[in-house]
Amino acid sequence: MREIQCRLLVIGAGPGGYVCAIRAGQLGVDTVIVDAEPPGGTCLNVGCIPSKALIHAADEFHMLAELSSNPSMGISAGGARLDLGVTMAWKDGIVTRLTGGVATLLRKAKVRLVTGQATVRDGKTVLVETPEGPVQIRAEVLVIATGSEPIEIPALPFGGKVISSTDALALTEVPGRLAVVGGGYIGLELGIAYAKLGAEVTVVEAAPRILPQYDAELTRPVAQRLTQLGVRVLTGARAGGLSDSGALRVAGVDGAEDIQADKVLVTVGRRPRATAAGLAGLRLEMAGPFIRIDERCRTSMAGVLAIGDVTGEPMLAHRAMAQGEMVAELVAGQRRAWDKRAIPAVCFTDPEIVSVGISPEEAAAAGREVVTGLFPFAANGRAMTAGDETGFIRVTARPDTHEVLGIQAVGAGVAEMAGGFALALEMGARLEDIAGTIHAHPTRGEALHEACLRALGHALHI
């Protein structure tokens with residue numbers, strides 16, 4: 001059996017793991033990273049990147065199809081056609097470029113990449129089954145970055161017409177009728193994309209409304225858009241199994257019904273891989289289903305750290321990346337601790353949603369007095385010229401110091417504003433700081449400037 005010795009061993013080459021390995025390599029730490037799949041994890045291979053590629057393709061096709069039947073701005077089009085197999089191949093090409101790029105970055109940082117299934121033997125030793133045979137790796141420090149996986153409903157096991165988000169990103173034909181179980185961000189992103197590609201989509205959500213993690217003011221424009229796209233939404237409804245005819249059984253507030261569907265996409269959440277790969281044998285302290293960590297990502301076992309989805313919410317790639325960078329610098333001997341004030345959350349529905357910090361609703365629930373300012377894109381010149389005035393930007397701040405506590409937005413292209421919103425909170429900006437910053441005209445970003453002015457009581461353009 002081949003044996004490898006190293007200073008740092010990372011299990012899992014997703015966004016947290018590969019960033020940790022690259023940064024450690026840059027700092028001269030002898031590093032090995034192990035994963036059975038191409039580097040990039042769920043994000044690059046079957047999550048963030050491929051889904052955004054599909055969403056973009058769906059937007060382009062839908063726009064052409066719309067112009068075919070409803071000319072706009074003096075523009076008409078005809079004959080929009082779709083070859084989903086070619087679209088998926090284009091998407092796969094992007095994934096290959098990015099995963100190959102990560103492999104190159106690992107080599108550049110002198111990180112050894114071992115491809116195979118890892119099994120943890122103890123806090124210092126891991127056995128990896130590779131195509132070339134077993135490899136035993138011994139390390140001084142172990143970083144667990146094993147990510148998460150889709151949750152399966154017992155009554156609707158994956159297989160046949162019941163598909164996961166991974167399967168939905170590999171279809172080569174648009175299903176005529178698509179039932180989506182779960183009205184969270186994954187289900188709605190994919191459901192909207194397939195509706196734009198021509199599928200008849202029904203969304204089944206158990207909560208009283210879609211996207212329950214966001215407040216109702218933010219999600220209302222998305223609900224309106226679903227109606228415009230012809231997507232049927234059943235809230236307060238629970239999916240059962242399939243009937244003898246293959247229909248999806250649903251129990252709703254108005255009674256039970258069978259929904260005919262060619263595919264049933266189940267997107268009811270994800271669970272951490274916190275006990276896989278022999279991790280259960282380490283008997284680490286847990287926080288519910290997650291591995292418990294401290295402010296330096298240390299677990300209850302000395303020399304074993306954990307990052308990313310296995311460590312808790314929010315299960316977001318950029319949180320994992322930030323943890324991975326910090327852990328690498330800790331292993332290299334630097335003084336670091338998790339002191340982030342803001343982790344932006346983005347939902348790539350139509351329209352998009354961005355949330356950073358707390359909302360007015362969350363502030364009220366916590367008994368905090370706040371001031372808020374909201375500016376609609378209907379009063380924003382750039383939104384008018386783009387032909388899409390849906391949505392708004394909203395800011396929440398302390399009434400005494402005017403320190404910004406949260407910024408939310410819903411509208412076209414607002415995902416690209418997430419970094420700026422997070423920067424404002426990370427820097428401890430006050431309403432006056434943003435209001436005193438010149439925002440380029442004409443841009444959608446002016447809506448943030450105006451929202452702050454409105455919170456201060458002197459909006460200029462509304």
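Guide: This is a predicted model. The sulfur of cysteine 6 has its closest cysteine sulfur in cysteine 20, 12 Å away, which is too far for a bond.

Visitor: Why is cysteine 6 called buried?

Guide: Buried means under 20% relative accessible area. Cysteine 6 has 7% relative accessibility, so the residue counts as buried.

Visitor: Is cysteine 43 buried or exposed?

Guide: Its relative accessible area is 10%, and the limit for buried is under 20%, so cysteine 43 is buried.

Visitor: What makes arginine 444 a charge over a ring?

Guide: The CZ of Arg must be within 6 Å of the ring centre and within 35 degrees of the ring normal. Arginine 444 lies over the face of phenylalanine 377, at 5.0 Å from the ring centre. As for aromatic pairs, the count is zero.

Visitor: Which residues are closest to the centre of the second largest pocket?

Guide: The second largest pocket holds about 1200 Å³ of space. Met63, Lys196, Arg225, Asp350 and Asp388 are the closest to its centre, out of 35 lining residues. Helix 3 gives the most to this lining, nine residues. The lining divides into 14 nonpolar, 10 polar and 11 charged residues.

Note on methods
Residues numbered from 1 in each chain as written. Predicted model: local features only at pLDDT ≥ 70, side-chain atom pairs only at ≥ 80, totals over all residues. Heavy atoms only, no water. 1 Å grid on protein atoms, 1.4 Å probe; cavity = no way out; pocket = protein on both sides within 12 Å on 5 of 7 lines; lining within 4 Å. Points joined across faces, edges and corners; volume = space filled by probe spheres on them. Helix = DSSP H or I, 4+ residues; strand = E, 2+ residues; numbered from the N terminus. Nonpolar A, V, L, I, M, F, W, Y, C, P; charged D, E, K, R; others polar. Phe/Tyr/Trp six-rings, centres within 6.5 Å; stacked < 30°, edge-to-face > 60°. Disulfide = S-S within 2.5 Å. Buried < 20%, exposed > 50% of the residue type's maximum accessible area, 1.4 Å probe, protein only.
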